[in-house]
Amino acid sequence: MKRKLLCILLATVMTASMLCGCGGETAESTSEATEATEATEATEETESIGAQIEVDEEALTDVAVEGDYSDADLTVFIFAQDHEKAVYQSLIDKFMEETGANVTFEVTTSDEYGQKLLAYKAADDMPDIFYVGPEAVASNVDDGYLLPLDDYVDAAVVNNLWGSVGNAYRYDGKTAGTGEGSLYCLPKDFSTFAFAYNKNIFDEAGVAYPDPENPYTWDEFVEVCQKLTKDTDGDGEVDQWGTANALQWALDAFIYTNGGHFLNDDYTEVVIDGQEEFIEAFQFFADLTCKYGVTPTVEQDTALGGYQRWLDGQIGFYACGTWDVGAFMDKNTFPYEWGLCAWPTGKTGVSMTRNGSVGFAVSADSEYPEAAAALITLFSTDLEGQRVLSGETTGASLQIPNIMDYAKGDFKDRIADGTIPYGDNVDVIFNYIEGTDKYQGIFVETTYTYNSDWWNAFLSGGYEYVLNGEMTAAEYCAQVQPAMQEALDAANEMKAAAAN
Amino acid sequence: MGRVKSKKKVKLSAMSKREEKWALLFVAAPTLGFLLFMAWPIVFAFLTSLTTWNGAKGFEGMLNRFCGFDNYIKLLTDKKFWQTLTTTVIYLIGIPIGMILGLLFAMGMNRKIPGVRVLRTMYYVPVISSLVAVSILWAWVYNYDYGLLNVIIKALTGKHGPNWLGDENLIKVSMIIFMVWKGLGTSIILYLAGLQNIPRSYYEAAMVDGANGWQRFKNITLPLLSPVTFYILITSMIGGFQVFVEVQVMTTNGGIGYSAATIVYYLYEKAFESFQLGYASAIAIILAIIIFVITFINFKMQDKWVKTIE
């Protein structure tokens, strides 16, 4: 009997592992496909544009590196697209040449990065330099992975970074991102998720372009969208819409401008149930679809996402990340004229959107912290490298320069004289990054919690029923809040466990 | 039991001894592989399931986060766990459907009809195709506006077809149809081999006795195919509990209201998106136990219905 049981057990394990093996293999390759279905639609297209960009390595000859790190042996582990990889590779080559250090450069895709880094952590064998986003600074510091950079990076370098991105990488052991405490990363980039409009559609409808100085109110926005929504080929079905934004990326722009928020001030409680500002904003977002009909329906959206429809010229307003500019300026990808504008404003009267960033961190266990810090300074702030990435030498802008002087000076001039192709009103981007009385870019609340599970709970609760009008925003918030709270509690428990 | 055990040891010649040593060496390779790549990971997963480990600080970091059976207790009240487990079980409906269809097709293809080889190959193509590729393909088949299915429905009825992947119930039906399609080739090939192994003389004898087609099928074909049925049942159930790729590729966030998410999908999310490796390992252990119990029951029950030619 026992032997038979053992046989069955072994047979099960072997069959399961056999099947598991098949699954595992495909799972990795799945990630690329997932990206197509998931809402990172935007980056995907940029990737293909990025692949076409050729980097002139000769342009990166004036690299200024000082110091002798001939005994240093560094490992760099990041995710990058081909053109970024080329930029960082040439910076590494120069660094090795100038300092005598040896650098091993390992690059992966953004999809696989998290898992691979986890493997490094589990093996307790961290690379000297790796990417950390603002949302992961606290957990990484708590777990003892990050080296404070205060003693290794010049104040001048830090002062020339965008203020809010510098703050995002500071952590005082309690709350990340407030600007207090040590600096743990230098930014790879600083992005914002601005709003764009298709000028051709406006021209055809005879509607005046949006004025970046005076963001629309929600009512005005609906009115304009209604003028842009129409059946262009006369077959009785609407085929052009005012706007079409995936909730997971765009909802923030409505919630925050209305004074709403997901969590309480110390990020311990989910507070959406019964919160007027939040519910009003969420309902307005849904009404664009189910009441005003100025976006594709939920069904139409599952058939073809907003990003593809925008590229196809079916959409009046669409989100535009700083990384999208290269793609939107490429006539093969987007054969329309376009400009940047503000997201419409709610109760606060300030147009808001999410900012984003990823940063270079140095491992706390690195044997060569000085060399590693020198190399990330080069990555983050080398002028020639920034010229390539922001599009001055390639003609395809994928990020705003990290160096403030250059961004506000040469970079803007090159946009003005046409060297860097860009949509109209680049100031919109700068406004969101720097913040003005009418514009504010912010890091969303997931940045300050241990993980994003509470937000995922919001997304997996069936919000589509609100968008198609089967449920109100208020009902949904009441229904989904307990699951979100549970996830947030678990995250805070993990944070507490890590801190101990 | 009544056997007399011989305690007398047979003395081996020097050559036999040497051979025995070699034999041990040959056995050592798979044993070592098993211990290293199966037994240890299982033990490791179990240990991890007793912690709140997030992957940090290696093995030591894991041991520092010991939490007893907390993860298992939490699982009992975890709605998503039960929801995904239920969905996974619902998907298993595809197994009997696939087996019946597989048998029907196999019997059809067991005849000498022109082009049967081409047909057999065609039905096997999905099996050898990349799961990711065919999942993407089927996501398009199910597409609300442009999908093949809805285009056909519109042509036939004049009405727009349903939102296959955007409805909590239909998405499950869609996934089951896809999985049946994907697995059909395997059942067909196995049943075909099983059918060809049944001696013709059985059928001839039955015909002499006056048995009609249905009686021959019921009393000869079906019982003698039972080992194949058993094999397909066991492997598909184990595979069925581990469905992941289809959900990952064909749905966004596990489908509307998490309606398409399977237990492995949930496990993956916990482990590699929330980095709750301890919790995810607890799910894995529970899943392994479920699979083991079901397989065990299947093996126990086989005496009742699995027949062999001998």
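Me: Which residues is A:Tyr120 in contact with, leaving aside its neighbours within four places in sequence?
Reply: A:Tyr120 is in contact with A:Phe77, A:Glu106, A:Asp125, A:Met126 and A:Pro127. They count as contacts because heavy atoms of each pair lie within 4.5 Å. A quick note on the ground rules: this is a predicted model, where local features need pLDDT of at least 70 and side-chain atom pairs count only at pLDDT 80 or more, while totals for chains, interfaces and linings use all residues. Residues are numbered from 1 along each chain as its sequence is written, chains are lettered from A and ligands numbered from 1 in the order in which they are written, and side-chain values use heavy atoms, with hydrogens and water left out.

Me: Why does A:Tyr120 count as buried?
Reply: Its relative accessibility is 19%, and buried means under 20% relative accessible area (exposed is over 50%, partly exposed in between; 1.4 Å probe, protein chains only). So A:Tyr120 is buried. You'll find A:Tyr120 in helix H4 of chain A, residues 110-122. Helices here are DSSP runs of H or I with at least four residues, strands are runs of E with at least two, and both are numbered from the N terminus.

Me: Two of those contacts, A:Phe77 and A:Glu106, turn up elsewhere too. Where does A:Phe77 stand?
Reply: A:Phe77 stands opposite A:Glu106 in strand S2 of chain A. Another such couple is A:Asp73 and A:Asn102, the latter in S2(A).

Me: What makes S1 and S2 of chain A a pair of strands?
Reply: Two strands pair if DSSP finds at least two bridges between them. S1 (residues 73-79) and S2 (residues 102-108) of chain A are joined by 7 bridges and run parallel, so by that rule they pair. S1(A) also has 2 bridges to strand S3 (residues 129-132) of chain A, again parallel. That meets the rule of at least two, so S1(A) and S3(A) pair as well. There, A:Val76 stands opposite A:Ile129 in S3(A).

Me: What kind of unit do S1(A), helix H3 and S2(A) make?
Reply: They make a right-handed β-α-β unit, with H3 spanning residues 82-99 of chain A. The crossover is called right-handed because, with the strands pointing away from you, the path from the first strand over the helix to the second runs clockwise.

Me: On to the rings. Why are A:Trp218 and A:Phe254 called a tilted pair?
Reply: Rings of Phe, Tyr and Trp (its six-membered ring) pair if their centres lie within 6.5 Å; planes under 30 degrees apart count as stacked, over 60 as edge-to-face and the rest as tilted. By this rule there are 72 aromatic pairs over all chains. A:Trp218 and A:Phe254 have 6.1 Å centre to centre and 40 degrees between the planes, which makes them a tilted pair. A:Trp218 lies in helix H9 (residues 218-228) and A:Phe254 in helix H10 (residues 247-255) of chain A, so the pair ties together parts that are 36 residues apart in sequence. Both A:Trp218 and A:Phe254 are buried.

Me: And why is the pair of B:Tyr268 and B:Phe272 tilted?
Reply: Their ring centres are 5.4 Å apart and the planes are at 50 degrees, so the pair is tilted. B:Tyr268 and B:Phe272 are 4 residues apart in helix H13 (residues 263-272) of chain B, about one helical turn.

Me: Buried or exposed: what are B:Tyr268 and B:Phe272?
Reply: B:Tyr268, at 17% relative accessibility, counts as buried. B:Phe272, at 32%, counts as partly exposed.

Me: Which ring does the charged end of A:Lys412 sit over?
Reply: The ring of A:Phe430, with 4.6 Å to its centre. For that, NZ of Lys or CZ of Arg has to be within 6 Å of the ring centre and within 35 degrees of the ring normal. In chain B, B:Lys80 lies over the face of B:Tyr258, 4.4 Å from the ring centre.

Me: Why does B:Gln276 count as buried?
Reply: B:Gln276 has 9% relative accessibility, so it counts as buried. B:Gln276 sits in the loop between H13 and helix H14 (277-305) of chain B. Beyond its neighbours within four places in sequence, its contacts include A:Asn451, A:Met494 and B:Trp53.

Me: Last one: what is the mean pLDDT of chain B?
Reply: It is 90, and 96% of the residues of chain B reach 70 or more; pLDDT is the predictor's confidence in each residue, from 0 to 100. Chain A averages 85, with 87% of residues scoring at least 70. Over residues 18-53 of chain A, the pLDDT is below 50.
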